[in-house]
Amino acid sequence: MSEQNPSLIEFPCNFTIKVMGIQHPEFTSSVLACVQKHAPETQAHHISVRPSSKGNYLGATVEAANVQNQEQLNNIYRELTGHELVKMVL
């Protein structure tokens with residue numbers, strides 16, 4: 001039998017996710033839509049965006065509202081990393 005590693009995160013919690021992606025007019029709304037699929041309480045004001053130094057990319061900080069468990073958090077990460085405008089999720 002294998003033991004599951006215990007989470008270092010205490011749930012439920014508000015969790016910050018950093019998302020880097022392509023400079024595109026729909027980047028912010030796409031990130032919000034991805035997160036809302038799994039954390040519907042997350043709203044536009046939970047996201048702050050800033051451009052990269054050369055303006056080719058955008059960085060978004062998302063305060064995902066009330067993540068209940070590790071599975072929900074994993075689903076948010078999977079949704080974001082699968083999006084075509086997203087290059088990296090931390």
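These are my notebook entries on what I looked up in this predicted model.

**Ground rules**

I number residues from 1 along each chain as its sequence is written, and I keep in mind that side-chain values use heavy atoms, with hydrogens and water left out. Since the model is a predicted one, local features need pLDDT of at least 70 and side-chain atom pairs count only at pLDDT 80 or more, while totals for chains, interfaces and linings use all residues.

**Entry 1: helix α2**

I took helices (H or I, at least four residues) and strands (E, at least two) as DSSP runs, numbered from the N terminus. Helix α2 covers residues 70–81, which makes twelve residues, and its span from first C-alpha to last is 16 Å, close to the 16 Å expected at 1.5 Å a residue; the expected span is 1.5 Å times one less than the number of residues.

Which residues of α2 are buried? With buried meaning under 20% relative accessible area, exposed over 50%, and partly exposed in between (1.4 Å probe, protein chains only), I found Q72, L73, I76 and L80 to be buried. They lie on the same side of α2 because they cover an arc of only 100° around the axis, the arc being that of the directions from the helix axis to the C-beta atoms.

I then asked what covers the buried residues of α2, and the cover includes β1 (13–22), α1 (27–36), β3 (57–67) and β4 (86–89). At the start of α2, I saw that a side-chain oxygen of N69 comes within 3.2 Å of the backbone nitrogen of E71.

**Entry 2: the core and α1**

A nonpolar core is a set of buried Ala, Val, Leu, Ile, Met, Phe, Trp, Tyr and Cys residues joined through side-chain atoms within 4.5 Å. The largest one here has 22 residues, of which I17, V19, F27 and L80 touch the most other members. β1, α1, β3, α2 and β4 each supply at least two residues of this core.

In α1, the buried residues are F27, S30, V31, L32, C34 and V35, and what covers them includes β1, β2, β3, α2 and β4.

**Entry 3: strands**

I counted two strands as paired if DSSP finds at least two bridges between them. Nine bridges join β1 to β3, and these strands run antiparallel, with G21 standing opposite L58 in β3. Strand β2 (residues 47–51) is also antiparallel to β3, joined by five bridges, and R50 stands opposite G59 in β3. The hairpin of β2 and β3 has five residues between the strands, and G55 there takes a positive phi near 80°.

**Entry 4: single residues**

E10 sits in the segment before β1 and is exposed, with a relative accessible area of 70%. E10 and Q70 are 60 residues apart in sequence, but 9.4 Å apart in space, C-alpha to C-alpha. P12 is also in the segment before β1, and the peptide bond from F11 to P12 is cis, with omega near -10°.

Key. Contact = heavy atoms within 4.5 Å. Polar contact = N/O pair within 3.5 Å; in protein donor to acceptor, adjacent residues only side chain to side chain.
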